[in-house]
Amino acid sequence: MADAIASERGPQRAHAEGHGAAALYTDPGGLWATIRGWITTVDHKRIGIMYASAALFFLLVGGLEALLIRVQLAVPENDFIGAETYNQLFTMHGTTMIFLVAMPLAVAFFNYIVPLQIGARDVAFPRLNALSFWVFLFGGLFLNSSWLFGAAPNTSWVGYANLTSVQYSPGLNVDFWVIGLSIVGISSLIGAINFITTIINLRAPGLTLMRMPLFTWMTFVTSWILATAIPVIAVALIFLAADRFFATNFFVPGAGGDPVLWQHLFWIFGHPEVYILILPSFGIISEVVPTFSRKPLFGYPIVVYAGILIGFIGWGVWSHHMFTTGLGPIADSFFVASTMIIAIPTGVKIFNWLATMWGGALRFTTAMLFAIGLVAIFTIGGLSGIMHASAPVDLQQHDSYFVVAHFHYTIVGGAVTGLFAGFYYWYPKVTGRLMSETLGKWHFWTFIVGFNLTFFPQHFVGLFGMPRRVFTYPAELGLGGWNMASTIGAFIFGVSTLIFVWNLIRSARRGTPAAANPWDAPTLEWSVPSPPPHYNFAEIPEVESRDPLWKGAAAGPDRAVATGGDEPHMPSPSAWPILTALGISLTWILLMARIWWVPLIGLAVTAVCVYSWAFQPAFRAES
Amino acid sequence: MEIAHHPPTATGLDNRKLGFWTFIGSETLFFGSLISTYMVYKGAAVTGPYPHEVLNIPVTSVSTFVLLTSSLAMVLALNAVQRGSRAGTLTWLLATAIGGLIFLGFQAYEFTTFVHEGLTIQTNVFGSAFYVLTGFHGAHVSVGVLWLLTLAALTAMGKIGREDSLKVEIAGLYWHFVDVVWIVIFTLIYLIP
């Protein structure tokens with residue numbers, strides 16, 4: 001089939017071969033067969049698409065929550081929504097955006113891209129991968145189902161003890177939060193173990209660690225942070241659940257419990273979590289910037305080491321969230337120093353990206369614009385971070401809108417901007433069509449204007465003394481104008497996000513057909529057709545350099561599409577991952593019955609599913 | 001076809017083994033957090049019973065000895081399956097599981113005694129931290145016992161042979177890890193006053 005090999009350079013040929021998106025993402029036998037195919041899929045590409053779809057749905061939910069918050073704050077002493085609804089909105093906005101949007105969007109890219117970048121046919125544990133997704137989805141839906149009961153979590157995304165105790169939060173709100181987060185955490189842990197194994201073990205021959213694409217590297221570092229940080233928040237959530245459901249005393253001061261323990265456990269997870277959010281985006285733009293500068297990444301080993309260092313030091317800075325707790329001068333000094341130190345590897349990366357662009361043949365595609373946007377906006381967020389790395393400064397800024405401005409500059413300006421770059425960059429690989437550049441530029445510029453108009457004024461609002469998490473403010477504070485500007489910015493940002501979603505939907509059918517390597521990018525995922533066949537690589541490639549498609553024997557898209565009978569044998573679909581996910585979720589949810597043996601029903605369901613799973617062969621004959 | 005199912009890995013290690021080691025790494029943080037909390041809380045209780053009033057070192061020493069000895073049986077089970085000895089595998093897997101069951105029996109006895117002496121999970125922070133920590137360890141031992149009994153049943157049915165020794169090896173990794181955690185718990189919670 002020399003023809004098939006040659007056809008890789010032309011999109012029309014690839015479609016003529018029957019490898020278009022429609023053929024890849026539907027199953028023969030009609031709608032029901034397709035639905036069943038997706039529910040039982042173990043294909044990392046389909047799972048990646050499901051992660052992205054679910055996360056984008058939650059993005060719209062979390063965005064709507066943000067807009068309601070901004071309407072409430074647009075004018076002083078507003079009574080648009082009451083304090084109670086406001087508490088639920090900001091809690092769910094934070095929880096949703098972090099756990100149900102930013103993390104799963106990154107995981108969507110891990111799923112779709114990493115196996116292709118390392119020359120593998122799937123992840124190490126395809127069924128666990130499906131489990132990971134379904135557990136995440138059920139956890140996210142359960143958390144949001146709290147709205148239907150009028151009992152959405154209302155104690156902020158950090159859920160400080162002992163506000164979360166039964167005494168001070170007697171309703172179901174905190175129950176939904178502690179259970180929902182526990183379920184979602186299980187998903188992250190399983191995913192992390194899967195990707196660590198995949199990246200260590202499934203690299204193509206010749207793809208040594210120091211030849212791995214930066215996105216794969218940052219996925220690796222992120223997965224390690226997840227594997228070590230998730231168990232800590234798991235323990236904190238278990239303590240909180242035990243306090244609420246079994247009347248233990250972990251966070252009951254009257255019984256000797258220490259609410260500050262919650263803060264330590266939460267932030268020992270919570271600060272590494274910040275790097276869980278940002279490192280994948282650092283990885284994405286470390287692919288995008290070289291591609292559109294037509295230069296290899298400047299100082300590749302330094303960027304890798306900086307990423308690893310961030311992962312390590314990220315473990316030693318958590319108490320900078322707790323300067324106002326009163327830990328004493330020695331602890332404070334330590335965390336001031338470590339926080340300032342972690343800015344160094346982060347700053348190093350900024351210079352590496354700038355040096356990569358320096359003297360390059362720049363192409364300002366939408367992906368590249370978002371990558372440059374990250375470098376610019378994230379740097380602003382980094383600088384305000386350095387400001388409150390200093391404990392005395394932090395004492396002034398803590399719990400004010402200055403902090404809100406800071407972390408939106410890092411998480412939206414850093415993580416989300418990088419994820420947008422990733423969407424524009426890899427969309428053609430996933431769908432076989434390019435996203436509209438016209439809509440993309442509209443998206444980018446409305447995003448830049450909307451984002452900065454929303455959050456830049458909040459620096460001032462915070463320094464002028466407006467506390468966060470309070471549903472209104474007096475007119476005498478004189479902050480009505482700044483807040484109105486923020487609200488207008490938020491709506492522009494909202495429109496920009498709708499343009500993005502419309503671009504995603506529209507381009508799937510009407511985008512320009514894309515060749516295997518539409519950007520002339522250097523890494524392996526661009527050597528297979530767009531979209532890739534379900535087995536990715538008919539023949540596992542051999543890698544001889546960091547930029548295999550730019551130089552070396554593997555240069556150019558040359559991975560043959562297998563012909564009829566020669567297709568590699570792939571793992572069979574399985575219903576057990578989704579059923580096991582139901583069992584795991586049920587176990588947690590049944591805690592709400594507050595009868596000690598009821599969750600055991602869920603545990604029994606899980607056990608049955610796990611056994612059925614273990615005895616079902618991963619590879620079965622096609623029926 | 002068998003080669004297609006299990007292509008050689010970049011490190012030569014089996015995926016399952018590597019994945020399981022990663023899981024164990026993650027578990028150390030889980031137990032580390034539970035144990036740290038216990039250490040912070042053991043002297044924080046404002047009402048009794050206090051740790052030194054209920055913890056019974058001689059009795060727990062016996063159950064500790066049984067649990068640690070079961071690790072030896074686990075090693076022998078792996079050795080037997082690698083030699084292809086079905087009877088040996090079955091014997092030692094069962095011996096390991098029985099060791100685990102005896103340990104769980106001791107734990108049930110210990111918990112019951114403590115409750116009679118007035119220490120429940122709700123009594124004070126010491127009780128909360130103690131029961132949650134040792135309870136999670138006990139849950140891990142229970143999962144291990146079920147796992148070992150499942151492997152023993154499969155061995156009895158002739159479904160585990162020399163080529164499946166990795167399945168026993170991974171169960172062994174888990175079992176030894178749970179034992180190591182207990183050594184830390186026994187030292188920090190029981191032996192150090």
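## Reading a two-chain predicted model

Mentor: Over all chains, the structure holds 10 salt bridges, a salt bridge being a side-chain nitrogen of Lys or Arg within 4 Å of a carboxyl oxygen of Asp or Glu. This is a predicted model, in which local features need pLDDT of at least 70 and side-chain atom pairs count only at pLDDT 80 or more, while totals for chains, interfaces and linings use all residues. Residues are numbered from 1 along each chain as its sequence is written, chains are lettered from A and ligands numbered from 1 in the order in which they are written, and side-chain values use heavy atoms, with hydrogens and water left out.

Trainee: Which residue forms a salt bridge with Asp520(A)?

Mentor: Arg294(A) does, with the closest N and O atoms 2.5 Å apart. The two partners are 226 residues apart and link distant parts of the chain. Asp520(A) is in the loop between α17 (480-510) and α18 (576-589) of chain A, and Arg294(A) is in the loop between α10 (259-293) and α11 (300-313). Helices here are DSSP runs (H or I, at least four residues), as are strands (E, at least two), numbered from the N terminus.

Trainee: How many helices and strands does chain B have?

Mentor: Chain B has 7 helices and 0 strands. Its C-alpha trace spans about 65 × 35 × 25 Å along the principal axes.

Trainee: What is the size of the interface between chain B and chain A?

Mentor: The size of an interface is often given as the accessible area lost when the parts come together. Chain B and chain A bury about 2900 Å² between them, 71% of it on carbon and sulfur atoms; the area is taken with a 1.4 Å probe and summed over both parts. The elements giving two or more residues to the chain B side are α2 (15-41) and α6 (125-156) of chain B. The largest share, 13 residues, comes from α2(B). By class, that side has 19 nonpolar, 14 polar and 2 charged residues; Ala, Val, Leu, Ile, Met, Phe, Trp, Tyr, Cys and Pro count as nonpolar, Asp, Glu, Lys and Arg as charged, and the others, Gly among them, as polar.

Trainee: How many salt bridges does the rule find across this interface?

Mentor: The rule finds 0 salt bridges between chain B and chain A.

Trainee: How should I read helix α16 of chain A, and where is its kink centred?

Mentor: An α-helix has 3.6 residues a turn, so residues three or four places apart point the same way. Helix α16(A), residues 437-463, has 27 residues and reaches 39 Å from first C-alpha to last, close to the 39 Å expected (1.5 Å times one less than the number of residues). Its kink of about 25 degrees is centred on Asn452(A); the bend is the angle between axes fitted to the seven residues ending at a residue and the seven starting there. After α16(A) comes Gly465(A), with a positive phi near 105 degrees.

Trainee: Which residues does a cis peptide bond join?

Mentor: Most residues other than glycine have a negative phi, and most peptide bonds are trans. A cis bond joins Ala161(A) and Asn162(A), with omega about -5 degrees. Asn162(A) is in the loop between α7 (126-145) and α8 (173-201) of chain A. Ser156(A) lies in the loop between α7 and α8 of chain A, and its phi is positive, near 70 degrees. In chain B, Gly48(B) and Pro49(B) are joined by a cis bond with omega about -5 degrees.

Methods. Buried area is the accessible area (1.4 Å probe) that two parts lose on being put together, summed over both.
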